[in-house]
Amino acid sequence: MSTQSSTPALSSSSSSIQSEAEALRRNRVLSSKLYFDVPRNKAPIIYSPVYDIAFFGIEKLHPFDSSKWGRICKFLIDNGHLNKNCIVEPEEATKDDLLVVHSEVYLKSLKSSLNVSVIIEVPPVALLPNFLVQKNVLYPFRKQVGGTILAAKLAKERGWAINVGGGFHHCCATKGGGFCVYADISLCIHYAFIRLNISRVMIIDLDAHQGNGHEKDFSGDSRVYILDMYNPDIYPFDYEARGYINQKVEVRSGTSTNDYLMKLDAALKVAGSMFDPELLIYNAGTDILDGDPLGKLKVSPDGIASRDEKVFRFARENSVPLVMVTSGGYMKSSAKVIADSLVNLSKKCLVDMGGSP
Ligand SMILES: [Zn+2]
């Protein structure tokens, strides 16, 4: 009896807490400076030199090429495919911006260099004073988060937008991991819900690893459809989050380019018939490349270009704005492969980067 009488009171108080949290989130998004008007003479390519992480050589201890973002742009600019003045520089995500998804407790935990070192998997970072970790690691990441969030606004206006960084798909509201400190994809989607009047988002996650961060953040949320194509034999082995994927496509270690692309074709066909998105977030990790020690797949550089082309065509055929983020890709060769793929997209008229090829 006592349970029966207390349940309605409990549920009404929890729903009022929920609506209060939603109102707070709404206010934070509406007062954010991350969305700003981008002049038409700029391309929807977002990057800042701040993205590139380099300090004391410690970054060399991680298998991640921590300056790949700048190198992608340099390849494109040097070859005349991208005009330097057309690149959009994002704002840094502030604490209030991050609180749209993250908890106070989680953000506070980043004031410990040890915690950050565990998330980014670079143990010596634990020994650095936190102000240096903030400046050299967290500030670059917060700039990249600002880039992913802005990309949705630009994509809605132009049809597509590429954040040359971002794609931190292992981080959820309350926990980071696997080099991912902030949940930029989840943040981007919440901003789009509130600022762009969008109510259906599809995430196509083609990084080699499972995107357990956004999966946890949108578990049970019917506004978000997740297609995740990942290698189940590698990190993060998050079986709970696997249960939240709408369309799970597992590609095991050693999968060849042909097999990979065939699976992708079939997956996109199914996704298109299952869900009608108003925005597409494409997590375009390049750790599926042959030789990548972490991804363990065998997709060729041309295979990456075909993969990206298929996703861009999918967005165009379904008239959905597309946000691309570059996510994982741990080899020195990744930057060139990404740049070559973007050149291919511009040749096929799927993107116009404002250069003069
Ligand atoms: Zn990955």
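Of the contacts in the protein chain with a separation of 6 or more, 73% are between residues 24 or more positions apart. The model is predicted, and its protein chain holds twelve helices and seven strands.

**Overall dimensions**
- The C-alpha trace of the protein chain spans about 70 × 50 × 45 Å along its principal axes.
- Of the 357 residues in the protein chain, 48% are buried.

**The sheet**
- Seven strands make up an open sheet with parallel pairing, in the order E1-E2-E7-E6-E3-E4-E5.
- Strand E1 (45-46) and strand E5 (247-250) are the edge strands, each pairing on one side only.
- Five bridges join strand E3 (residues 201-205) to strand E6 (residues 279-283) in the parallel sense.
- Ile 204 is placed opposite Tyr 282 in E6.
- Strands of a sheet pair through backbone hydrogen bonds, in either a parallel or an antiparallel manner.

**Helix H7 and the sheet**
- Helix H7 (residues 184-195) lies across E3, strand E4 (224-230), E6 and strand E7 (322-325).
- Relative to E6, helix H7 runs at about 170°.

**Helix H5 and its surroundings**
- The buried residues in helix H5 (residues 113-120) are Ser 113, Val 116, Ile 119 and Ile 120.
- These residues are on the same side of H5, because they cover an arc of only 120° around the axis.
- Helix H6 (130-158) is what the buried residues of H5 pack against.

Definitions and conventions
Residues are numbered from 1 along each chain as its sequence is written. This is a predicted model: local features need pLDDT of at least 70, side-chain atom pairs count only at pLDDT 80 or more; totals for chains, interfaces and linings use all residues. Two strands pair if DSSP finds at least two bridges between them. Helices (H or I, at least four residues) and strands (E, at least two) are DSSP runs, numbered from the N terminus. Two residues are in contact if their C-beta atoms, placed from the backbone, lie within 7 Å. Axes are lines fitted to C-alpha atoms, for helices over the stretch in contact, and angles run from 0 to 180 degrees between N-to-C directions. A residue is buried if 20 or more other C-beta atoms lie within 10 Å of its own, exposed if 12 or fewer, and partly exposed in between; C-beta atoms are placed from the backbone. The arc is that of the directions from the helix axis to the C-beta atoms.
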